[in-house]
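Thank you for giving me a few minutes this morning.

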Amino acid sequence: MTIRIPSRALVVLAGPSGSGKSTWAGRWFRPNQVVASDDLRAVVGEHEADLRAGGDAFDVLDLIVERRLKRGLLTVVDTLGMDTDRLERWLALAEQAKRPAHLILWDTDDKTCRSRNRARAQPVPSKVLTAQLAKWADVRDQLGDGFDAVHTVDDVAVVPELFARAGESAASQADDPVALRFGLQVSAFDWGDNADIAARLGDIAAEAEEAGFSSLWVMDHFIQIPQVGREWEPMLESHTTLGYLAARTSTLRLGTLVTGITYRNVAHLAKIVATLDVLSEGRAACGIGAAWFEREHIAYCYAFPGLDERYELLEDALELLPLMWGSGTPSYDGRRISTPEAICYPRPLQERIPILVGGSGEARTLRLVARHADACNLFGDPATVRRKVEILHAHCDAEDRDPEAVTVTHLSTALTAPTRAELDVKVERLGAGRASPEDVARATNAGSTEDQIGRYRDLADAGVQEAVVSLADVGEPGSVLDFAPVIETFAR
(Lines give C-alpha, C1' and ligand atoms only; values in the text may rest on other atoms or scores of the structure.)
Protein backbone atom coordinates (compact mmCIF):
# COMPACT_ATOMS: atom_id res chain seq x y z
CA MET A 1 0.00 0.00 0.00
CA THR A 2 1.29 3.46 -0.89
CA ILE A 3 2.67 5.35 2.10
CA ARG A 4 1.09 8.80 2.48
CA ILE A 5 3.62 11.27 3.82
CA PRO A 6 2.31 14.71 4.92
CA SER A 7 4.20 17.44 3.11
CA ARG A 8 5.46 19.09 6.34
CA ALA A 9 6.43 15.88 8.12
CA LEU A 10 9.57 14.49 9.71
CA VAL A 11 10.43 11.16 8.09
CA VAL A 12 13.09 8.96 9.70
CA LEU A 13 14.53 6.04 7.74
CA ALA A 14 15.66 3.10 9.88
CA GLY A 15 17.66 0.06 8.86
CA PRO A 16 21.25 -1.25 8.68
CA SER A 17 23.78 -0.22 6.06
CA GLY A 18 23.03 -1.76 2.68
CA SER A 19 19.30 -2.08 3.32
CA GLY A 20 18.48 0.35 0.51
CA LYS A 21 17.42 3.47 2.39
CA SER A 22 19.37 6.01 0.33
CA THR A 23 18.33 4.53 -3.01
CA TRP A 24 14.70 4.52 -1.92
CA ALA A 25 14.89 8.09 -0.61
CA GLY A 26 16.43 9.26 -3.89
CA ARG A 27 13.51 7.78 -5.80
CA TRP A 28 10.69 9.32 -3.79
CA PHE A 29 12.07 12.64 -2.49
CA ARG A 30 13.94 15.59 -3.91
CA PRO A 31 17.63 15.79 -2.92
CA ASN A 32 17.14 18.90 -0.79
CA GLN A 33 14.49 17.08 1.27
CA VAL A 34 16.86 14.30 2.36
CA VAL A 35 19.38 14.84 5.18
CA ALA A 36 21.92 12.00 5.26
CA SER A 37 24.46 11.45 8.02
CA ASP A 38 26.92 9.97 5.49
CA ASP A 39 26.78 13.13 3.38
CA LEU A 40 27.35 15.30 6.44
CA ARG A 41 30.37 13.25 7.47
CA ALA A 42 31.81 14.16 4.08
CA VAL A 43 31.17 17.84 4.90
CA VAL A 44 32.74 17.91 8.36
CA GLY A 45 35.28 15.09 7.81
CA GLU A 46 37.45 13.55 5.10
CA HIS A 47 34.75 11.52 3.38
CA GLU A 48 31.34 9.97 4.03
CA ALA A 49 32.87 6.91 5.72
CA ASP A 50 34.99 9.02 8.08
CA LEU A 51 33.56 7.66 11.34
CA ARG A 52 35.72 10.06 13.37
CA ALA A 53 33.52 12.89 12.07
CA GLY A 54 30.32 11.16 13.15
CA GLY A 55 29.68 13.27 16.25
CA ASP A 56 30.09 16.57 14.39
CA ALA A 57 27.98 15.25 11.51
CA PHE A 58 25.09 14.44 13.84
CA ASP A 59 25.36 17.87 15.50
CA VAL A 60 24.93 19.45 12.07
CA LEU A 61 22.13 17.02 11.25
CA ASP A 62 20.22 17.96 14.43
CA LEU A 63 20.48 21.64 13.53
CA ILE A 64 19.25 21.04 9.98
CA VAL A 65 16.33 18.97 11.23
CA GLU A 66 15.36 21.66 13.73
CA ARG A 67 15.48 24.50 11.20
CA ARG A 68 13.66 22.60 8.45
CA LEU A 69 10.87 21.48 10.75
CA LYS A 70 10.51 25.00 12.12
CA ARG A 71 10.00 26.26 8.58
CA GLY A 72 7.49 23.54 7.78
CA LEU A 73 9.71 21.74 5.27
CA LEU A 74 9.48 18.03 4.57
CA THR A 75 12.55 16.51 6.25
CA VAL A 76 13.73 12.99 5.49
CA VAL A 77 16.50 11.78 7.82
CA ASP A 78 18.65 9.07 6.25
CA THR A 79 20.66 7.39 9.04
CA LEU A 80 20.73 3.97 10.64
CA GLY A 81 17.81 5.12 12.82
CA MET A 82 18.70 2.72 15.64
CA ASP A 83 19.85 5.21 18.28
CA THR A 84 16.84 5.69 20.56
CA ASP A 85 18.29 8.82 22.16
CA ARG A 86 18.57 10.50 18.75
CA LEU A 87 15.09 9.35 17.77
CA GLU A 88 13.70 10.90 20.94
CA ARG A 89 15.56 14.13 20.15
CA TRP A 90 14.11 14.32 16.65
CA LEU A 91 10.64 13.46 17.90
CA ALA A 92 10.91 16.30 20.39
CA LEU A 93 11.88 18.68 17.58
CA ALA A 94 8.88 17.53 15.53
CA GLU A 95 6.53 17.97 18.47
CA GLN A 96 7.92 21.43 19.17
CA ALA A 97 7.33 22.43 15.55
CA LYS A 98 3.91 20.71 15.55
CA ARG A 99 4.89 18.44 12.65
CA PRO A 100 3.87 14.78 12.22
CA ALA A 101 6.63 12.18 12.53
CA HIS A 102 6.77 9.04 10.38
CA LEU A 103 9.19 6.11 10.72
CA ILE A 104 10.07 3.90 7.74
CA LEU A 105 11.46 0.46 8.55
CA TRP A 106 13.60 -1.76 6.28
CA ASP A 107 13.51 -5.55 6.45
CA THR A 108 16.23 -6.28 3.90
CA ASP A 109 17.84 -9.67 4.54
CA ASP A 110 21.41 -9.83 5.91
CA LYS A 111 22.85 -11.37 2.75
CA THR A 112 21.58 -8.53 0.57
CA CYS A 113 22.85 -5.90 2.99
CA ARG A 114 26.33 -7.45 2.95
CA SER A 115 26.36 -7.74 -0.85
CA ARG A 116 25.35 -4.11 -1.32
CA ASN A 117 27.87 -2.96 1.25
CA ARG A 118 30.73 -4.74 -0.52
CA ALA A 119 29.79 -2.97 -3.76
CA ARG A 120 30.18 0.47 -2.20
CA ALA A 121 33.14 2.68 -2.99
CA GLN A 122 33.60 3.14 0.78
CA PRO A 123 32.10 0.01 2.39
CA VAL A 124 31.30 -0.16 6.07
CA PRO A 125 33.79 -2.47 7.83
CA SER A 126 32.46 -6.03 8.01
CA LYS A 127 32.54 -6.14 11.81
CA VAL A 128 30.62 -2.85 12.00
CA LEU A 129 27.93 -4.16 9.65
CA THR A 130 27.66 -7.37 11.62
CA ALA A 131 27.06 -5.35 14.76
CA GLN A 132 24.42 -3.25 12.96
CA LEU A 133 22.55 -6.34 11.77
CA ALA A 134 22.55 -7.81 15.25
CA LYS A 135 21.33 -4.57 16.80
CA TRP A 136 18.64 -4.18 14.16
CA ALA A 137 17.21 -7.58 15.06
CA ASP A 138 17.09 -6.54 18.73
CA VAL A 139 15.64 -3.02 18.45
CA ARG A 140 13.53 -2.98 15.28
CA ASP A 141 10.17 -3.56 16.96
CA GLN A 142 10.78 -0.96 19.68
CA LEU A 143 11.74 1.99 17.48
CA GLY A 144 8.22 3.18 16.65
CA ASP A 145 7.33 4.52 20.09
CA GLY A 146 6.30 8.18 19.84
CA PHE A 147 5.90 8.29 16.05
CA ASP A 148 2.57 9.27 14.52
CA ALA A 149 2.89 6.43 12.00
CA VAL A 150 5.25 3.54 11.36
CA HIS A 151 5.57 1.99 7.89
CA THR A 152 7.52 -0.75 6.20
CA VAL A 153 9.15 0.39 2.97
CA ASP A 154 6.79 0.85 0.01
CA ASP A 155 5.85 3.39 -2.67
CA VAL A 156 5.32 6.95 -1.41
CA ALA A 157 2.90 9.79 -2.06
CA VAL A 158 3.78 13.16 -0.52
CA VAL A 159 0.43 14.76 0.21
CA PRO A 160 -0.98 17.81 2.01
CA GLU A 161 -1.68 17.08 5.68
CA LEU A 162 -5.42 16.70 5.16
CA PHE A 163 -4.82 13.64 2.94
CA ALA A 164 -2.61 11.76 5.39
CA ARG A 165 -5.39 9.28 6.25
CA ALA A 166 -7.40 9.68 3.06
CA GLY A 167 -6.85 6.08 1.94
CA GLU A 168 -8.56 4.70 5.03
CA SER A 169 -11.44 7.15 4.68
CA ALA A 170 -11.85 6.35 0.98
CA ALA A 171 -12.06 2.68 1.90
CA SER A 172 -14.78 3.53 4.42
CA GLN A 173 -16.74 5.28 1.69
CA ALA A 174 -16.44 2.21 -0.53
CA ASP A 175 -17.52 -0.17 2.24
CA ASP A 176 -20.18 1.97 3.93
CA PRO A 177 -21.09 4.84 1.59
CA VAL A 178 -22.70 8.08 2.72
CA ALA A 179 -24.38 10.77 0.64
CA LEU A 180 -22.89 14.20 -0.03
CA ARG A 181 -23.87 16.87 -2.53
CA PHE A 182 -21.31 19.03 -4.30
CA GLY A 183 -21.35 22.62 -5.48
CA LEU A 184 -18.84 24.36 -7.72
CA GLN A 185 -17.57 27.86 -6.95
CA VAL A 186 -15.99 29.92 -9.72
CA SER A 187 -13.84 32.53 -8.00
CA ALA A 188 -11.55 33.67 -10.82
CA PHE A 189 -11.95 34.45 -14.50
CA ASP A 190 -8.33 34.86 -15.62
CA TRP A 191 -8.57 32.66 -18.68
CA GLY A 192 -6.66 34.75 -21.22
CA ASP A 193 -8.31 37.55 -23.14
CA ASN A 194 -11.55 39.05 -21.85
CA ALA A 195 -13.18 37.85 -25.05
CA ASP A 196 -12.60 34.26 -23.89
CA ILE A 197 -14.39 34.61 -20.55
CA ALA A 198 -17.97 34.09 -21.69
CA ALA A 199 -17.28 30.97 -23.73
CA ARG A 200 -15.17 29.30 -21.03
CA LEU A 201 -17.67 30.17 -18.31
CA GLY A 202 -20.45 28.62 -20.37
CA ASP A 203 -18.35 25.50 -20.87
CA ILE A 204 -17.65 25.31 -17.13
CA ALA A 205 -21.37 25.43 -16.40
CA ALA A 206 -22.07 22.66 -18.91
CA GLU A 207 -19.23 20.54 -17.50
CA ALA A 208 -20.53 21.11 -13.97
CA GLU A 209 -23.94 19.72 -14.87
CA GLU A 210 -22.38 16.78 -16.70
CA ALA A 211 -20.09 16.05 -13.74
CA GLY A 212 -23.02 15.93 -11.31
CA PHE A 213 -22.57 19.16 -9.35
CA SER A 214 -25.78 20.30 -7.64
CA SER A 215 -25.03 24.02 -7.46
CA LEU A 216 -22.88 26.73 -9.01
CA TRP A 217 -21.67 29.75 -7.05
CA VAL A 218 -19.77 32.95 -7.76
CA MET A 219 -18.20 35.41 -5.32
CA ASP A 220 -19.83 38.81 -4.87
CA HIS A 221 -16.81 41.07 -5.29
CA PHE A 222 -15.90 43.91 -7.61
CA ILE A 223 -12.12 43.56 -7.21
CA GLN A 224 -10.37 40.20 -7.08
CA ILE A 225 -9.65 39.40 -3.44
CA PRO A 226 -6.05 38.88 -2.28
CA GLN A 227 -6.76 35.30 -1.14
CA VAL A 228 -7.41 34.34 -4.78
CA GLY A 229 -5.42 36.64 -7.07
CA ARG A 230 -4.28 40.12 -7.94
CA GLU A 231 -6.43 43.23 -8.08
CA TRP A 232 -6.08 43.67 -11.84
CA GLU A 233 -7.37 40.18 -12.64
CA PRO A 234 -10.90 39.98 -14.11
CA MET A 235 -13.80 39.93 -11.65
CA LEU A 236 -17.31 39.73 -13.07
CA GLU A 237 -20.29 41.33 -11.37
CA SER A 238 -21.95 38.45 -9.59
CA HIS A 239 -25.65 38.76 -10.27
CA THR A 240 -25.18 39.65 -13.94
CA THR A 241 -23.04 36.52 -14.18
CA LEU A 242 -25.73 34.41 -12.51
CA GLY A 243 -28.26 35.63 -15.07
CA TYR A 244 -25.92 34.44 -17.84
CA LEU A 245 -25.45 31.10 -16.11
CA ALA A 246 -29.22 30.68 -15.70
CA ALA A 247 -29.50 30.75 -19.49
CA ARG A 248 -26.66 28.25 -19.93
CA THR A 249 -27.85 25.64 -17.40
CA SER A 250 -30.97 23.70 -16.52
CA THR A 251 -30.36 21.83 -13.25
CA LEU A 252 -27.81 23.73 -11.16
CA ARG A 253 -28.91 25.84 -8.21
CA LEU A 254 -27.34 29.30 -8.65
CA GLY A 255 -26.15 31.77 -6.03
CA THR A 256 -23.50 34.04 -4.60
CA LEU A 257 -21.08 32.84 -1.97
CA VAL A 258 -21.74 35.36 -0.59
CA THR A 259 -23.28 38.81 -1.17
CA GLY A 260 -21.94 41.41 1.23
CA ILE A 261 -24.76 43.01 3.18
CA THR A 262 -23.35 46.48 2.48
CA TYR A 263 -23.23 46.14 -1.31
CA ARG A 264 -26.90 46.47 -2.19
CA ASN A 265 -30.08 47.90 -0.81
CA VAL A 266 -31.68 44.83 0.80
CA ALA A 267 -35.06 45.30 -0.88
CA HIS A 268 -33.29 45.66 -4.22
CA LEU A 269 -31.32 42.50 -3.49
CA ALA A 270 -34.62 40.70 -2.88
CA LYS A 271 -35.79 41.88 -6.31
CA ILE A 272 -32.57 40.72 -7.99
CA VAL A 273 -32.74 37.24 -6.45
CA ALA A 274 -36.47 36.87 -7.17
CA THR A 275 -35.80 37.77 -10.81
CA LEU A 276 -33.04 35.17 -10.97
CA ASP A 277 -35.42 32.59 -9.50
CA VAL A 278 -38.07 33.28 -12.13
CA LEU A 279 -35.64 33.29 -15.06
CA SER A 280 -33.86 30.13 -13.85
CA GLU A 281 -37.22 28.39 -13.29
CA GLY A 282 -36.82 28.10 -9.54
CA ARG A 283 -33.09 27.53 -9.08
CA ALA A 284 -31.96 30.63 -7.17
CA ALA A 285 -30.21 30.59 -3.80
CA CYS A 286 -29.39 33.68 -1.74
CA GLY A 287 -25.98 33.74 -0.12
CA ILE A 288 -25.41 36.66 2.21
CA GLY A 289 -22.84 37.74 4.77
CA ALA A 290 -21.62 40.64 6.91
CA ALA A 291 -18.97 41.79 4.34
CA TRP A 292 -15.28 42.31 5.14
CA PHE A 293 -13.28 43.75 2.20
CA GLU A 294 -12.83 47.39 3.26
CA ARG A 295 -10.66 48.37 0.29
CA GLU A 296 -13.40 47.29 -2.10
CA HIS A 297 -15.94 49.41 -0.25
CA ILE A 298 -13.73 52.48 -0.52
CA ALA A 299 -12.94 51.93 -4.20
CA TYR A 300 -16.59 51.47 -5.14
CA CYS A 301 -17.95 54.26 -2.95
CA TYR A 302 -19.74 52.06 -0.42
CA ALA A 303 -19.87 52.94 3.24
CA PHE A 304 -18.08 50.41 5.46
CA PRO A 305 -19.78 50.64 8.85
CA GLY A 306 -18.46 48.96 11.97
CA LEU A 307 -18.95 45.26 12.58
CA ASP A 308 -21.85 45.71 15.02
CA GLU A 309 -23.79 47.75 12.47
CA ARG A 310 -23.05 45.26 9.72
CA TYR A 311 -24.40 42.43 11.86
CA GLU A 312 -27.55 44.44 12.54
CA LEU A 313 -27.94 44.98 8.78
CA LEU A 314 -27.44 41.28 8.24
CA GLU A 315 -30.14 40.31 10.71
CA ASP A 316 -32.50 42.86 9.18
CA ALA A 317 -31.87 41.31 5.77
CA LEU A 318 -32.53 37.81 7.09
CA GLU A 319 -35.92 39.03 8.31
CA LEU A 320 -36.84 41.25 5.35
CA LEU A 321 -35.91 38.99 2.44
CA PRO A 322 -38.54 36.30 3.17
CA LEU A 323 -41.14 39.06 3.61
CA MET A 324 -40.24 40.47 0.19
CA TRP A 325 -40.64 37.05 -1.38
CA GLY A 326 -43.79 36.10 0.55
CA SER A 327 -47.44 36.93 0.18
CA GLY A 328 -48.88 40.37 0.70
CA THR A 329 -46.95 43.61 1.18
CA PRO A 330 -46.25 43.84 4.92
CA SER A 331 -44.32 46.71 6.43
CA TYR A 332 -40.98 46.11 8.09
CA ASP A 333 -39.25 48.15 10.77
CA GLY A 334 -35.84 46.74 11.62
CA ARG A 335 -32.69 47.76 13.45
CA ARG A 336 -31.13 49.61 10.51
CA ILE A 337 -33.67 49.47 7.67
CA SER A 338 -37.41 49.80 7.27
CA THR A 339 -40.02 49.83 4.51
CA PRO A 340 -43.75 50.61 4.49
CA GLU A 341 -44.40 47.76 2.06
CA ALA A 342 -42.32 44.69 1.25
CA ILE A 343 -43.39 44.40 -2.38
CA CYS A 344 -41.80 42.20 -5.02
CA TYR A 345 -43.47 41.10 -8.26
CA PRO A 346 -43.14 38.66 -9.85
CA ARG A 347 -42.89 36.43 -6.83
CA PRO A 348 -40.15 33.80 -6.85
CA LEU A 349 -41.18 30.42 -8.19
CA GLN A 350 -39.85 28.71 -5.05
CA GLU A 351 -42.06 28.89 -2.00
CA ARG A 352 -38.95 29.92 -0.08
CA ILE A 353 -35.67 30.81 -1.71
CA PRO A 354 -33.02 29.20 0.49
CA ILE A 355 -30.85 31.70 2.35
CA LEU A 356 -27.25 30.76 3.11
CA VAL A 357 -25.21 32.80 5.57
CA GLY A 358 -21.46 32.91 4.97
CA GLY A 359 -19.00 32.87 7.84
CA SER A 360 -18.60 30.62 10.85
CA GLY A 361 -18.33 32.98 13.83
CA GLU A 362 -19.53 30.97 16.78
CA ALA A 363 -21.20 33.66 18.86
CA ARG A 364 -22.95 35.81 16.24
CA THR A 365 -22.98 34.28 12.77
CA LEU A 366 -24.01 30.76 13.70
CA ARG A 367 -26.62 32.13 16.07
CA LEU A 368 -28.14 34.12 13.19
CA VAL A 369 -28.05 31.00 11.02
CA ALA A 370 -29.93 29.04 13.68
CA ARG A 371 -32.49 31.80 14.05
CA HIS A 372 -33.13 32.74 10.42
CA ALA A 373 -31.22 30.91 7.69
CA ASP A 374 -31.58 27.74 5.66
CA ALA A 375 -27.86 27.00 5.36
CA CYS A 376 -24.46 27.95 6.72
CA ASN A 377 -21.07 27.88 5.03
CA LEU A 378 -18.08 26.63 7.01
CA PHE A 379 -14.34 26.40 6.44
CA GLY A 380 -11.58 24.26 7.88
CA ASP A 381 -10.60 20.67 8.52
CA PRO A 382 -13.04 18.00 9.75
CA ALA A 383 -12.22 18.60 13.41
CA THR A 384 -12.97 22.32 13.03
CA VAL A 385 -16.16 21.63 11.11
CA ARG A 386 -17.35 19.11 13.69
CA ARG A 387 -16.92 21.68 16.47
CA LYS A 388 -18.74 24.36 14.46
CA VAL A 389 -21.63 22.01 13.72
CA GLU A 390 -21.96 21.20 17.42
CA ILE A 391 -22.11 24.92 18.21
CA LEU A 392 -24.67 25.48 15.44
CA HIS A 393 -26.86 22.72 16.83
CA ALA A 394 -26.60 24.24 20.31
CA HIS A 395 -27.83 27.54 18.87
CA CYS A 396 -30.67 25.69 17.14
CA ASP A 397 -31.69 24.16 20.46
CA ALA A 398 -31.65 27.61 22.06
CA GLU A 399 -33.83 28.95 19.24
CA ASP A 400 -36.17 25.92 19.45
CA ARG A 401 -35.33 25.05 15.86
CA ASP A 402 -34.77 21.63 14.32
CA PRO A 403 -31.05 21.40 13.36
CA GLU A 404 -32.05 19.30 10.36
CA ALA A 405 -33.67 22.42 8.92
CA VAL A 406 -30.22 24.00 8.42
CA THR A 407 -27.99 22.65 5.67
CA VAL A 408 -24.29 22.58 6.50
CA THR A 409 -22.11 23.51 3.53
CA HIS A 410 -18.33 23.71 3.36
CA LEU A 411 -16.11 25.74 1.04
CA SER A 412 -12.56 24.85 0.07
CA THR A 413 -10.15 24.76 -2.84
CA ALA A 414 -9.32 21.50 -4.61
CA LEU A 415 -7.11 20.23 -7.38
CA THR A 416 -7.59 16.68 -8.59
CA ALA A 417 -6.72 14.17 -11.29
CA PRO A 418 -7.43 10.45 -11.70
CA THR A 419 -3.86 9.43 -10.81
CA ARG A 420 -0.97 10.89 -8.85
CA ALA A 421 1.13 11.08 -12.02
CA GLU A 422 -1.52 13.21 -13.75
CA LEU A 423 -1.91 15.26 -10.59
CA ASP A 424 1.84 15.96 -10.49
CA VAL A 425 1.61 17.38 -14.01
CA LYS A 426 -1.17 19.74 -12.90
CA VAL A 427 0.79 20.83 -9.83
CA GLU A 428 3.90 21.54 -11.89
CA ARG A 429 1.88 23.54 -14.41
CA LEU A 430 0.21 25.67 -11.74
CA GLY A 431 3.53 26.28 -10.00
CA ALA A 432 5.35 27.08 -13.27
CA GLY A 433 8.62 27.61 -11.43
CA ARG A 434 7.14 30.22 -9.07
CA ALA A 435 6.44 27.87 -6.15
CA SER A 436 7.53 24.43 -5.00
CA PRO A 437 5.27 21.46 -5.75
CA GLU A 438 4.62 21.08 -2.01
CA ASP A 439 3.52 24.71 -1.69
CA VAL A 440 1.22 24.41 -4.70
CA ALA A 441 -0.22 21.14 -3.44
CA ARG A 442 -0.95 22.61 0.01
CA ALA A 443 -2.47 25.80 -1.39
CA THR A 444 -4.74 23.91 -3.77
CA ASN A 445 -5.50 20.84 -1.62
CA ALA A 446 -4.13 18.74 -4.47
CA GLY A 447 -5.08 15.09 -4.31
CA SER A 448 -5.88 12.14 -6.53
CA THR A 449 -9.45 10.96 -6.93
CA GLU A 450 -8.93 8.53 -4.03
CA ASP A 451 -7.45 11.30 -1.88
CA GLN A 452 -10.41 13.57 -2.51
CA ILE A 453 -12.93 10.82 -1.79
CA GLY A 454 -11.26 10.22 1.57
CA ARG A 455 -11.12 13.92 2.35
CA TYR A 456 -14.79 14.51 1.59
CA ARG A 457 -15.84 11.39 3.47
CA ASP A 458 -14.17 12.88 6.55
CA LEU A 459 -16.07 16.15 6.02
CA ALA A 460 -19.34 14.29 5.56
CA ASP A 461 -18.73 12.41 8.80
CA ALA A 462 -18.12 15.78 10.48
CA GLY A 463 -21.60 16.97 9.45
CA VAL A 464 -21.18 18.54 5.99
CA GLN A 465 -24.13 17.98 3.66
CA GLU A 466 -22.93 19.96 0.63
CA ALA A 467 -19.28 20.53 -0.21
CA VAL A 468 -18.62 23.59 -2.37
CA VAL A 469 -15.43 23.15 -4.36
CA SER A 470 -13.30 25.90 -5.86
CA LEU A 471 -11.24 24.07 -8.46
CA ALA A 472 -7.76 25.57 -8.73
CA ASP A 473 -7.53 24.79 -12.47
CA VAL A 474 -11.15 25.53 -13.35
CA GLY A 475 -10.04 27.54 -16.39
CA GLU A 476 -8.53 24.42 -18.00
CA PRO A 477 -10.92 22.45 -20.24
CA GLY A 478 -11.77 19.10 -18.66
CA SER A 479 -10.83 20.12 -15.13
CA VAL A 480 -14.43 20.10 -13.90
CA LEU A 481 -15.05 16.66 -15.36
CA ASP A 482 -11.96 15.37 -13.53
CA PHE A 483 -13.96 15.83 -10.33
CA ALA A 484 -16.89 13.72 -11.55
CA PRO A 485 -15.64 10.40 -10.08
CA VAL A 486 -15.56 12.00 -6.63
CA ILE A 487 -19.15 13.20 -6.95
CA GLU A 488 -20.30 9.83 -8.28
CA THR A 489 -18.91 8.08 -5.21
CA PHE A 490 -21.20 10.14 -2.93
CA ALA A 491 -24.30 10.13 -5.16
CA ARG A 492 -27.24 8.42 -3.47
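I would like to start with the second largest pocket, whose lining residues divide into 16 nonpolar, 14 polar and 11 charged. Before I go on, please keep in mind that this is a predicted model. The space in this second largest pocket comes to about 1,000 Å³, and 41 residues line it, with S17, D38, R41, L80 and R120 lying nearest its centre. If you ask which elements give two or more residues to that lining, they are α1, β3, α2 (37-44), α3 (54-70), α4 and α6 (126-139).

Let us move to the largest pocket, which has a volume of about 1,500 Å³. Its lining is made of 50 residues, and those nearest the centre are S187, Q227, V228, G229 and T413. The elements that give this lining two or more residues are β8 (181-186), β11 (259-260), α12 (307-325), β17 (407-417), α15 (420-431), α16 (437-444) and β19 (466-471). Sorted by class, the lining of the largest pocket holds 23 nonpolar, 20 polar and 7 charged residues.

Next, please find strand β15, residues 355-358, where I355 and V357 point one way, L356 and G358 point the other way, and all are buried. Strand β12, residues 286-289, is joined to β15 by 3 bridges and runs parallel to it, with V357 in β15 as the bridge partner of I288. Another 3 bridges join β15 to strand β16, residues 375-378, again in parallel, and here L356 stands opposite A375.

I will finish with a few details of the backbone. Where are the cis peptide bonds that I would like you to see? One joins L257 and V258, with omega about -10 degrees, and V258 lies in the loop between β10 (253-256) and β11. Another joins Y345 and P346, with omega about 0 degrees, and P346 is found in the loop between β14 (338-339) and β15.

Finally, A291 has a positive phi of about 70 degrees although it is not a glycine, and its place is in the loop between β12 and α11 (294-299). Is A291 buried or exposed? Because its relative accessibility is 14%, A291 counts as buried, the cut-off for buried being under 20%. N445, which is not a glycine either, has a positive phi of about 55 degrees and lies in the loop between α16 and β18 (446-448); N445 also counts as buried, because its relative accessibility is 14%.

Note on methods
Residues numbered from 1 in each chain as written. Predicted model: local features only at pLDDT ≥ 70, side-chain atom pairs only at ≥ 80, totals over all residues. Heavy atoms only, no water. 1 Å grid on protein atoms, 1.4 Å probe; cavity = no way out; pocket = protein on both sides within 12 Å on 5 of 7 lines; lining within 4 Å. Points joined across faces, edges and corners; volume = space filled by probe spheres on them. Helix = DSSP H or I, 4+ residues; strand = E, 2+ residues; numbered from the N terminus. Nonpolar A, V, L, I, M, F, W, Y, C, P; charged D, E, K, R; others polar. Buried < 20%, exposed > 50% of the residue type's maximum accessible area, 1.4 Å probe, protein only. Pairing = 2+ DSSP bridges.
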